[in-house]
Amino acid sequence: MIKIPNIETPVSPGSAVGGVLIINTTKAEVARLLTIAGQPPKVLSSAAIVGQKGLFSYLKALMMNMRIAWQHYIHLEKSRFLLFINKYKRIQ
């Protein structure tokens, strides 16, 4: 962080750069370990590497997977909420 006279708090992207470094390093290590375990993850690559068409097809598949994951999550949360309500009704 850089202190500038007449500015109350330091400025610069120091903490953000450090955070991005830690996150990207962790992401790469998890991808490596998953690949070693036989479960290589799907990764988002630049259009400069996979081409515009490749990126579009990946994003389309990603959106479908996210839609399915959200449906499962919503179903799970709805079930948990209903269990909570039933338990609450029994207490009263």
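This is a predicted model: local features need pLDDT of at least 70, side-chain atom pairs count only at pLDDT 80 or more; totals for chains, interfaces and linings use all residues.

Which residues make the nonpolar surface patch of about 560 Å²?

Modeller: Happy to. Residues are numbered from 1 along each chain as its sequence is written, and side-chain values use heavy atoms, with hydrogens and water left out.

Now to your patch. Met63, Met66, Trp70, Tyr73 and Ile74 make this nonpolar surface of about 560 Å². Patches are built from residues with over 30% relative accessible area and no salt bridge; nonpolar side chains (Val, Leu, Ile, Met, Phe, Trp, Tyr) are joined within 5 Å, and like charges within 9 Å. The areas come from the Shrake-Rupley method with a 1.4 Å probe, and for residues only the protein chains shown count as cover.

Ile74 sits in helix H2, which covers residues 47–91. Helices here are DSSP runs (H or I, at least four residues), strands are runs of E of at least two, and both are numbered from the N terminus. Ile74 counts as exposed because its relative accessibility is 52%; the classes are buried under 20%, exposed over 50% and partly exposed in between, with a 1.4 Å probe and protein chains only. Trp70, at 49%, is partly exposed, and so is Tyr73, at 42%.

In it, the ring centres of Trp70 and Tyr73 are 5.3 Å apart and the planes stand at 90°, so the pair is edge-to-face. The rule takes rings of Phe, Tyr and Trp (its six-membered ring) with centres within 6.5 Å; planes under 30 degrees apart are stacked, over 60 edge-to-face, and the rest tilted.

Arg80 forms a salt bridge with Glu77, with 3.1 Å between the closest N and O atoms; the term means a side-chain nitrogen of Lys or Arg within 4 Å of a carboxyl oxygen of Asp or Glu. Arg80 and Glu77 are three residues apart in helix H2, so about one helical turn separates them. Glu77 is partly exposed, at 28% relative accessibility.

The structure holds two salt bridges. Arg32 and Glu29 also meet in one, at 2.8 Å from N to O. These two residues lie in helix H1 (residues 14–36), three residues apart and about one helical turn from each other. Arg32 is partly exposed at 43%, as is Glu29 at 34%.

Stepping back, the chain has two helices and zero strands. Its radius of gyration is 22 Å, well over the 12 Å that the globule rule gives for 92 residues, so the chain is more spread out than a compact globule. That radius is taken over C-alpha atoms, and the rule is 2.2 Å times the number of residues to the power 0.38. Of the 92 residues, 3% count as buried. The chain exposes about 8500 Å², and carbon and sulfur atoms supply 68% of that area. Your patch is therefore one nonpolar area, made by Met63, Met66, Trp70, Tyr73 and Ile74, with Ile74 exposed at 52%.
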